[in-house]
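Colleague: I'm new to this one. Can you put it up and walk me through it?
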Amino acid sequence: MLPTAQNLYPELETSCACDLNFEIRRVMMENNVIVGLGELLWDVFPDRKVPGGAPANFAYHVGQLGLPGCVVSAVGRDALGAELLSVLKSKELGSYVEEVPFPTGTVQVTLDDAGVPQYEICEGVAWDNIPFTDRLHELARRTRVVCFGSLAQRNAVSRETINRFLDALPADALKVFDINLRQHFYDRPTLQHALERSNVLKINDDEVSVVARLWNWQDKTEMEICSLLRELYGLDMVVLTKGACGSYVVTAHETSFLPTPKVAVVDTVGAGDSFTAAFLAGLLHGMDIRRAHRLAVDVSAYVCTCQGAMPVLPEALVRQALL
């Protein structure tokens with residue numbers, strides 16, 4: 001079943017769209033959380049550093065769009081960790097971030113002429129060692145949507161925490177796998193296990209090429225691969241982003257395509273994370289797939305015009321999500 005306000009939140013009964021949005025926010029704040037689970041780090045550019053990590057970016061943008069976003073991760077007991085925690089607090093982003101005896105994660109980011117990033121990701125850092133605590137178990141029981149990826153599963157500690165969190169979710173929770181392939185930090189067994197546990201897959205065109213190689217599907221088109229993944233792993237939908245070439249949402253009953261707006265790109269760091277956040281926020285606010293897709297395209301295009309992955313969204317985009 002596809003996620004909508006009505007089937008994710010059956011306790012809500014109202015016919016007025018504005019009342020429904022108000023009631024969704026009220027009930028979710030009390031009993032339900034939208035979680036980004038995994039890496040939390042500093043994206044270090046040649047001239048600056050900004051907070052990042054796909055799950056943190058996702059949770060931040062969900063929060064901007066009127067839902068209770070929460071990041072689950074770990075930082076070190078160091079100055080960079082303390083600064084990250086301060087930034088999360090200033091952004092009013094809910095967090096279950098543990099302090100652990102490993103350095104806070106950093107990623108060296110370089111941009112090509114088109115603003116597309118290349119990453120050099122440090123290993124043996126705090127988010128590789130996210131502990132599963134009683135507090136985290138209780139959060140999982142109150143979670144309605146979780147977004148997680150492959151990168152934070154490169155280390156056994158965080159991989160086990162992610163899987164235990166998924167085990168503790170309510171039966172009707174929505175599990176979004178943002179595949180997020182980086183460097184060499186993935187393998188087919190890990191990806192396959194995550195796909196088997198998910199309802200929704202978010203993937204980009206570069207990642208489709210990697211999946212084609214790992215699954216020996218080089219003779220398939222991108223859309224054929226998306227359909228195969230959806231059918232093989234029983235996914236409700238597959239979201240495919242293709243940068244400047246547009247994006248698709250593929251379900252059993254429809255395929256939505258929207259072109260990417262032409263904007264003055266500063267950098268594309270976090271654009272995919274904001275797309276995922278806006279798409280899910282749209283669905284949770286009661287939009288159909290096409291309207292949620294439109295919101296995701298507009299939000300991610302705006303993020304591309306800004307420095308870093310966590311810009312403040314314009315009021316017009318927030319209103320677009322809430323109306």
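Colleague: At what angle do the axes of helix H11 and helix H12 cross?
Modeller: The axes of H11 (residues 289–304) and H12 (residues 315–322) cross at roughly 165° and come within 10 Å. Axes are lines fitted to C-alpha atoms, for helices over the stretch in contact, with angles from 0 to 180 degrees between N-to-C directions. Helices are DSSP runs of H or I with at least four residues, strands are runs of E with at least two, and both are numbered from the N terminus. This is a predicted model, where local features need pLDDT of at least 70 and side-chain atom pairs count only at pLDDT 80 or more, while totals for chains, interfaces and linings use all residues. Residues are numbered from 1 along each chain as its sequence is written, and side-chain values use heavy atoms, leaving out hydrogens and water.

Colleague: Which residues of H11 and H12 make the contact?
Modeller: H11 gives Arg 294, Leu 295, Asp 298, Val 299 and Tyr 302, and H12 gives Leu 317, Gln 320 and Ala 321. Contact means heavy atoms within 4.5 Å.

Colleague: Switching to the open sheet, what is the strand order?
Modeller: The order is S3-S2-S6-S7, four strands with mixed pairing. Two strands pair if DSSP finds at least two bridges between them.

Colleague: Which strands stand at the edges?
Modeller: S3 (48–52) and S7 (117–121) do; each has a single partner strand, so one side of each lacks a neighbour in the sheet.

Colleague: How many bridges join S2 to S3?
Modeller: Five, and S2 (residues 41–45) runs antiparallel to S3. Leu 41 has Gly 52 in S3 as its bridge partner.
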